[in-house]
Amino acid sequence: MAKRVKSIGLLAASAVLVLSLVLGSVLSVAKAAPAERKVKIGLASVYSGPLATLGTRFGNAMFDYVRYVNGQGGIDGVEVEIIWRETKGYIPEDVLAIRRLAAQGAVMVFGTPADGAIVTAAQRVGVPVNWVDAMIPACLSTPQWFFCWYIDWPVGLLAMLEYFKGTWPEERPLRLGFMGYEMPATYGTLDAINYKDGAYLDKLGVELVGYETFPFIGCIDTSTEWLRLAGKKPDLVYLISFGVSTTVAVKDAARLGIQQKGITLAAGPQSIDLSTIAIARKDVNGWYTLGLPWPSDPEQRKLFPGLEVLVEKEKEYRGREVEDVSGWEVGGWVAAAVGLEAIRIALEEVGYENLTGRAVRDALFGGEIKDFDTGCVPPITVTEGHPYFLDRGILCQVREGRAHFIKVMKALPSFCMSPEELLRAL
């Protein structure tokens with residue numbers, strides 16, 4: 001019995017010794033390498049599908065901005081990590097992505113395109129969404145969970161019409177034809193066209209002669225839509241479309257000689273970009289375009305000197321020359337900058353241990369992001385009533401394969417948030 005007690009005592013002593021050695025090694029490792037502080041943001045990525053030409057650009061720019069910030073020490077010493085899920089820009093997949101990225105710890109999710117279902121998903125998981133898109137009414141909520149790059153789709157059309165009406169030489173109203181792919185951007189714009197029986201168009205001296213829509217997925221021909229619209233003899237056709245469907249619409253317009261019929265062609269915010277030009281080539285010449293700055297244009301780099309940093313980093317990280325950096329890179333870069341600024345404010349207000357998606361939402365829309373200057377777009381102020389970073393567009397015309405700068409459009413109120421205020425401002 002004494003021998004058994006002695007052996008148990010030896011075993012107990014050995015266990016204590018082993019435990020002390022293990023704990024000692026753990027403590028020494030902990031002292032040598034403190035736990036890494038990291039914050040996650042999510043990307044509902046669009047690297048495939050009909051919007052891949054633009055999704056690849058803004059997605060890569062987000063990764064690049066995060067790399068740039070981490071290279072400078074992160075957000076006050078906190079590293080930023082992007083986690084992502086591919087959605088092809090399909091709204092049901094975006095909804096799933098928001099839920100899954102939030103479950104993995106993301107405190108903000110980025111993506112495109114806009115839809116009310118995106119906002120519902122964000123509210124349910126308590127994580128704000130930062131969409132490289134323009135505002136539509138379905139994305140408004142109280143409190144606001146949706147932030148985007150452009151004021152809204154209707155303002156893009158009305159700003160373009162205001163420009164053309166200012167140069168219109170005839171007494172009669174300018175005749176407008178409208179075309180768009182079958183997504184919220186198109187139908188949100190039609191809401192403005194039809195507002196109060198065409199009050200906006202009446203004020204601008206514009207007459208709508210007709211509109212046509214075509215598919216978002218599987219768009220392979222728009223000839224019928226072009227011919228029907230051209231038969232109504234518009235002076236101007238305004239297009240809202242992206243990715244594959246834009247390329248199809250542009251090439252069909254050229255094949256059918258739409259410009260040769262005396263019809264001016266214009267595209268909505270970011271509907272035409274460098275990828276469109278690279279694919280459609282001479283077929284896109286003559287088109288007017290509205291949207292974010294084009295870093296490839298030296299005049300615009302002078303207006304927005306922060307574009308030089310973007311161009312420099314695209315060269316360093318991806319080997320891209322300035323001629324291959326587009327407005328979509330600007331959109332991704334600036335959206336990431338605003339998102340990380342909101343996270344920085346939230347970290348200051350609640351601390352790293354208490355950082356949540358709701359805390360980031362409160363920081364984003366709390367009024368502390370005021371005159372935030374990225375150098376790539378005009379200074380940014382974000383509030384519940386101003387949930388976007390750009391309230392005006394850059395007007396260009398494509399000639400000889402590149403966008404030629406015309407002007408920075410004036411700032412306008414949002415149709416989605418205040419239709420009457422916008423009507424008074426025109």
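Figure 1. Cys396 is in no disulfide, the nearest cysteine sulfur being that of Cys376, 15 Å away. Cys396 is buried, with a relative accessible area of 0%, where buried means under 20% relative accessible area, exposed over 50%, and partly exposed in between, with a 1.4 Å probe and protein chains only. For Cys416, the closest cysteine sulfur is in Cys148, at 8.4 Å, which is too far for a bond; Cys416 also counts as buried, at 12% relative accessibility. The structure is a predicted model in which local features need pLDDT of at least 70 and side-chain atom pairs count only at pLDDT 80 or more, whereas totals for chains, interfaces and linings use all residues. Residues are numbered from 1 along each chain as its sequence is written, and side-chain values use heavy atoms, with hydrogens and water left out.

**Figure 2. The chain as a whole, as context for the close-ups.** The chain has 15 helices and 13 strands, these being DSSP runs numbered from the N terminus, with helices (H or I) of at least four residues and strands (E) of at least two. Taken along the principal axes, the box filled by the C-alpha atoms of the chain is roughly 115 × 45 × 40 Å. Of the 426 residues in the chain, 57% are buried. Among contacts with a separation of 6 or more, 67% are between residues 24 or more positions apart, a contact meaning heavy atoms within 4.5 Å.

Figure 3. The strands follow the order 7-6-8-9-10-12-13, and their pairing is mixed; two strands pair if DSSP finds at least two bridges between them. Strand 7 (206–214) and strand 13 (402–408) stand at the edges with a single partner strand each, so one side of each is left without a neighbour in the sheet. On average, and with direction ignored, neighbouring strands of this sheet are turned by 25° against each other. Strand 9 (residues 264–269) and strand 10 (residues 288–291) run parallel and are joined by 3 bridges, and Ala267 has Thr289 in strand 10 as its bridge partner. Helix 8 (residues 223–230) lies across strand 6 (174–181), strand 7, strand 8 (236–240) and strand 9, and runs at about 165° to strand 7. Axes are lines fitted to C-alpha atoms, for helices over the stretch in contact, and angles run from 0 to 180 degrees between N-to-C directions.

**Figure 4. The packing of helix 12 against helix 13.** Helix 12 (residues 307–318) and helix 13 (residues 327–350) pack at an angle of about 105°, with their axes 11 Å apart. The two helices, helix 12 and helix 13, are therefore roughly perpendicular to each other, a term used for angles of 65 to 115 degrees, while those under 35 count as roughly parallel, those over 145 as roughly antiparallel and the rest as oblique. On the helix 12 side, Leu307, Val309, Leu310, Lys313 and Glu314 meet Glu329, Val330 and Trp333 in helix 13. The residues of this contact divide into 5 nonpolar, no polar and 3 charged, where Ala, Val, Leu, Ile, Met, Phe, Trp, Tyr, Cys and Pro count as nonpolar, Asp, Glu, Lys and Arg as charged, and the others, Gly among them, as polar.

Figure 5. The peptide bond from Thr112 to Pro113 is cis, with omega near 0°, and Pro113 is placed in the loop between strand 3 (106–111) and helix 4 (116–125). Another cis peptide bond joins Thr142 and Pro143, with omega about -5°; Pro143 is in the loop between strand 4 (129–134) and strand 5 (146–150). Lys196, a residue other than glycine, has a positive phi near 50°; found in the loop between helix 6 (184–193) and helix 7 (199–204), Lys196 counts as exposed at 52% relative accessibility. Lys233, likewise not a glycine, has a positive phi of about 55°, lies in the loop between helix 8 and strand 8, and is exposed with a relative accessible area of 62%.

**Figure 6. The surroundings of Asp273.** Asp273 is placed in the loop between strand 9 and helix 10 (274–280) and counts as buried, at 5% relative accessibility. Leaving aside neighbours within four places in sequence, Asp273 is in contact with Leu54, Arg57, Trp294 and Trp328. The C-alpha atoms of Asp273 and Leu395 are separated by 12 Å, although the two residues are 122 residues apart along the chain.

Technical notes:
A disulfide is a pair of cysteine sulfur atoms within 2.5 Å.
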